[in-house]
Number of protein chains: 2
Amino acid sequence: MITPAIKFEQNKLFIIDQTLIPSKFEYTTLSSAEETCDAIRELKVRGAPAIGIVAAYAMFIEAQRNHTIERKQFQKRMDQTFNLLLKSRPTAINLKWALMRIKNIYDSYPDQSVQNIVKHIRSEAVDIHKEDYDACKKIAKNGLKILPNPCNILTHCNTGSLATGGWGTALGIIYAAAEKKYKIHVYVDETRPLGQGARLTFWELMQNKIPCTLITDSTAASLMKDGKVDVVLFGADRIAKNGDLANKIGTYGLSVLAKAHNIPCYAAAPTSTIDMSIKSGNDIPIEQRNKAEILKIYDYNNSQYNKSNVYNPAFDITPAEILSGIITEFGIFHYPFEDKITKTFR
Amino acid sequence: MITPAIKFEQNKLFIIDQTLIPSKFEYTTLSSAEETCDAIRELKVRGAPAIGIVAAYAMFIEAQRNHTIERKQFQKRMDQTFNLLLKSRPTAINLKWALMRIKNIYDSYPDQSVQNIVKHIRSEAVDIHKEDYDACKKIAKNGLKILPNPCNILTHCNTGSLATGGWGTALGIIYAAAEKKYKIHVYVDETRPLGQGARLTFWELMQNKIPCTLITDSTAASLMKDGKVDVVLFGADRIAKNGDLANKIGTYGLSVLAKAHNIPCYAAAPTSTIDMSIKSGNDIPIEQRNKAEILKIYDYNNSQYNKSNVYNPAFDITPAEILSGIITEFGIFHYPFEDKITKTFR
């Protein structure tokens, strides 16, 4: 049923080029860290968990390519690759989290042969992938507890199989509900400027025959007023220690609107998305993207284009206190989050 | 400085085809009621006041074409034209208001010659156009009273010279502020799906060298949270007796977000936009538009496209009580509006 965005077969890494969906659906190989960085930057692969998984595999690919070099040189090469991949996108913390897990492998066994380390790295990358899939399945199970049946769900951006190790976070809950024959219907907002809702989530849901309706981002509020939304579900790219979270631009507005209409509003994310080093949302770096992403559909001429000011942040920050909860593989965290998050990480 | 969207010269009606902006800027002739209906439906001309003006001129053009026929036949022909134009778009009340003014002319003088009636119609259409321009200038003057200086304004859709008889409502206030050398900066949201913000308002402001920044619709909330918006200004397509109003989809959400962030939020509209026959927003008809407007940028194939559900209302309803006020040519109405609106219309 679910289409995996990432495949790792015979030590080769394949991703679906998500910039081509829905017009083309094809796997492409990533055969180096550079190619992986480009793919991440160009959003051929996106979604916080998916980025982490792909980065881990890219570390393995570089490790394998360097498996004949001397241990110290290897370490240096791997650290370069680590830094290269780390810089590919700034907001999603899963990237750093996955890279750190790989770094811990090659840092921890100074006496082992490079060949052995490479094997360990491979196995760690595969674990990261599998653990994400399992975490998403648990998130889905936990998420079902807050889902009325029947219900109308509003979701933002893409948090499905394409965004993760193959199941999904917010969308994973929806898949689990569909499997259990819940009577659900999903409002998918298009998620400008890159249309992850319109291109990816809408496509995923139609592929899986889940009833869904596409809307523009700014139609959400009137649907809420009209009583057509029972719950709002989205993902997260980084969650601070206090539960504040960064997610796709528009998430904050949806959460304020949900609160104003007394509609439950949940984020769903694996705990790999939690960044314990960050106290609150104020400290999460927000990626600024280029103006072309917004302007390209509007036919401005070069001179107008060059003169124009465009503000295109990829994410916004939703304060913990306006969320109904954060659904993780360890259960649903409610505000105030800090204690529970700290306990989980102890 | 300001580019008129509608020109009436030597008894001929010209409009800027707004679907071509910003890539092309050209006037096109509307030489019949049918052509005018098509232009209105296809949004070649849009904006509640502009639609009313163009419809009034279209009535004159049809009157002129029929100026040699017998009085009773003329009356019948004009009523057919009235009904045709009235149906072109359902939400903006200025259309009906302007058509009624023309109908009152040919209904009121049963004994006058057709030639004379045609002259009266011409003069009424020109008056409607001129009165709208004057009303917008008064709106601008009144609007300046609520505008801090310096200030950052967030606006939605297009309410400028393109949307009106040549000055603008919400954007007209901004033009007046610029003339008075206020230090203003305008955040323009793109206004999906048709991009009236990105294509028209952003273009108008850049043409007039007014500092402005384009954002996606869902970036507004985080700008508000970050304290970057001092006032929200938009127009209206129909205002009910109690002050509830229909305006471009997304307006309701912006007004809820503005309230949640304690940001003043005003609608600006001439009183021709007020429909005293409608008690509240619940009774305003909302135009539903086709799925292509949203989907066309997303490359779905025919079979996916045909199967897809898309909800594309052109407008939403903003309840009177969450607005800071409605800025009209007769002053600023504050909630509760009903008494003041009724008094103005007495």
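1. Two strands pair if DSSP finds at least two bridges between them. Strands here are DSSP runs of E with at least two residues, helices are runs of H or I with at least four, and both are numbered from the N terminus. This is a predicted model, in which local features need pLDDT of at least 70 and side-chain atom pairs count only at pLDDT 80 or more, while totals for chains, interfaces and linings use all residues. Residues are numbered from 1 along each chain as its sequence is written, chains are lettered from A and ligands numbered from 1 in the order in which they are written, and side-chain values use heavy atoms, leaving out hydrogens and water.

2. Start with the open sheet. Its eight strands run in the order β12(A)-β6(B)-β5(B)-β4(B)-β7(B)-β10(B)-β14(B)-β15(B), and the pairing is mixed. At the edges lie β12 (309-310) of chain A and β15 (331-333) of chain B; each pairs on one side only.

3. Now take strand β10 (residues 265-268) of chain B. Three bridges join β10(B) to β14 (residues 325-328) of chain B, and the two run parallel. B:Y266 has B:G325 as its bridge partner in β14(B). Strand β7 (residues 231-234) of chain B is also parallel to β10(B), again with three bridges. There, B:F234 stands opposite B:A267.

4. In a regular strand the side chains alternate between the two faces of the sheet. Both faces of β10(B) are covered: B:C265 and B:A267 are buried on one side, B:Y266 and B:A268 on the other. Buried means under 20% relative accessible area, with exposed over 50% and partly exposed in between (1.4 Å probe, protein chains only).

5. Look next at helices α6 (residues 170-179) and α7 (residues 196-207) of chain B. Their axes come within 12 Å and cross at roughly 15 degrees. Axes are lines fitted to C-alpha atoms, for helices over the stretch in contact, and angles run from 0 to 180 degrees between N-to-C directions. B:L171, B:I174 and B:Y175 of α6(B) make the contact with B:T201, B:E204 and B:L205 of α7(B). Contact means heavy atoms within 4.5 Å.

6. Chain A has a helix worth a look. Eight of the 10 residues of α9 (residues 251-260) of chain A are buried, so this helix is largely enclosed by the rest of the structure. Among them are A:Y252, A:L254 and A:L257. Just after α9(A), A:N262 takes a positive phi of about 55 degrees.
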